[in-house]
Amino acid sequence: MTRGPSVARGVGKAYEKLLSGKLRKEAPAWLHAMRSAPPADSLVREPTQFSTHGQLGFEKTDGEGNQGSRVHGTQIRRTLPKGCVAVSHKKGRLRTRGNRPPKIVFPEDSLRREFYKNHPFEKYRPRILMELTGETNQDWKQLTDGTGQVTGENVIRYQHYLMQDKGMTKEAAYAQATQEFYAFRAREDSERKTAQQEARFYGARMLEKPFSARMLRLEEREIHRSTKVFVARAQDQQIRDTTADSPPPNVQK
């Protein structure tokens, strides 16, 4: 089934016929614009319609045999090369693939996949999303961007800078970027441990998570209460057992 011409393209021609037949007095404002920039055709791919009429090399006319197919009343026999077997194609295999937009690929995509494959927990590290300067053009000549934090995106952009501007290979740029990244992480850990030690030295108490601390206190209170109940029940049971085992007193008449 073939599609006809675009309906939008026929609007201008139809109105021109109305003007030529004097069914309309004057042309509207959109007619000149449609003449200069006509509507585009449909983006749906249409099947190609053709008929060989037995003119191709693998088609031969055969008036005697009954095998083959008829094209415009002429018996056609299609000969296959030696060693080939005719295969019946189903309708599902003859479907044409629709038009799809091209895949957008950035040069940092492969670098990002490799880094997060080797460092999966960097995705869960908290980040500061607040922009201090609002500048989008960042110079990646160094690993840090001036915000005081280094994330996986910094390593990826820095590696891309080394590959583009310094002419380094992908492996060499990755090694240098990750080496500086590891040094920065080690420096952060040492600074955090030193700050905790100084705070404890001056009498500060490290705060625990409020929810976890509260749940632990409730759990300890319930355990202490349950222990008292169990001890009391054990004592009552012991008294009952002792009373049951003792002989009854002698009754005098």
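Trainee: What is the relative accessible area of Gln142, and is Gln142 buried, partly exposed or exposed?

Mentor: Keep in mind that this is a predicted model. Gln142 sits in the loop between α3 and α4. Since buried means under 20% and exposed means over 50%, Gln142 falls in the class between them and is partly exposed, at a relative accessible area of 49%.

Trainee: How far apart in space are Gln142 and Glu180, C-alpha to C-alpha?

Mentor: Along the sequence, Gln142 and Glu180 are 38 residues apart. Their separation in space, taken from C-alpha to C-alpha, is 9.5 Å.

Trainee: In what order do the helices and strands of the protein chain run from the N terminus on?

Mentor: The protein chain has six helices and three strands. Read from the N terminus on, the order of these elements is α-α-β-β-β-α-α-α-α.

Trainee: Are α3 and α5 parallel, antiparallel, perpendicular or oblique to each other?

Mentor: Helix α3, residues 108–118, packs with helix α5, residues 170–201, at an angle of about 50 degrees, and their axes are 12 Å apart. Because of that angle, the relation of α3 to α5 is oblique.

Trainee: Which residues of α5 does α3 meet?

Mentor: The crossing in which α3 passes α5 is right-handed. From α3, the contact draws on Ser110, Leu111, Glu114, Phe115 and Asn118, and these meet, in α5, Lys170, Tyr174 and Phe181.

Trainee: How many residues of the contact of α3 with α5 are nonpolar?

Mentor: Sorting the residues of this contact by class gives two that are polar and two that are charged. The nonpolar residues in the contact of α3 with α5 number four.

Trainee: How wide is the arc that the buried residues of α3 cover around the axis?

Mentor: The buried residues of α3 are Glu108, Asp109, Leu111, Phe115 and Tyr116. An α-helix has 3.6 residues a turn, so residues three or four places apart point the same way.

Trainee: Which exposed residues does the face of α3 turned away from its buried side carry?

Mentor: What covers the buried residues of α3 includes α5 and also α4, residues 152–164. On the face turned away from that buried side, the exposed residues are Arg113 and Lys117.

Trainee: At what angle do α1 and α2 pack, and is their crossing left-handed or right-handed?

Mentor: Helix α1 spans residues 9–20 and helix α2 spans residues 29–36, with their axes 10 Å apart and an angle of about 130 degrees between them. The two helices are therefore oblique to each other. As α1 passes α2, the crossing is left-handed.

Trainee: Which residues of α2 are met by α1?

Mentor: On the α1 side, the residues in contact are Val11, Gly12, Tyr15, Glu16 and Leu19. By class, this contact of α1 with α2 has six nonpolar, one polar and two charged residues. The residues met in α2 are Trp30, Leu31, Met34 and Arg35.

Trainee: What is the phi of Lys22?

Mentor: Lys22 lies in the loop between α1 and α2, and Lys22 is exposed, with a relative accessible area of 74%. Although Lys22 is not a glycine, its phi is positive, at about 60 degrees.

Notes:
Residues are numbered from 1 along each chain as its sequence is written. This is a predicted model: local features need pLDDT of at least 70, side-chain atom pairs count only at pLDDT 80 or more; totals for chains, interfaces and linings use all residues. Side-chain values use heavy atoms; hydrogens and water are left out. Axes are lines fitted to C-alpha atoms, for helices over the stretch in contact, and angles run from 0 to 180 degrees between N-to-C directions. Helices (H or I, at least four residues) and strands (E, at least two) are DSSP runs, numbered from the N terminus. Angles under 35 degrees count as roughly parallel, over 145 as roughly antiparallel, 65 to 115 as roughly perpendicular and the rest as oblique. A crossing is left-handed if the near helix is turned anticlockwise from the far one by less than a right angle, and right-handed if clockwise. Contact means heavy atoms within 4.5 Å. Ala, Val, Leu, Ile, Met, Phe, Trp, Tyr, Cys and Pro count as nonpolar, Asp, Glu, Lys and Arg as charged, and the others, Gly among them, as polar. Buried means under 20% relative accessible area, exposed over 50%, partly exposed in between (1.4 Å probe, protein chains only).
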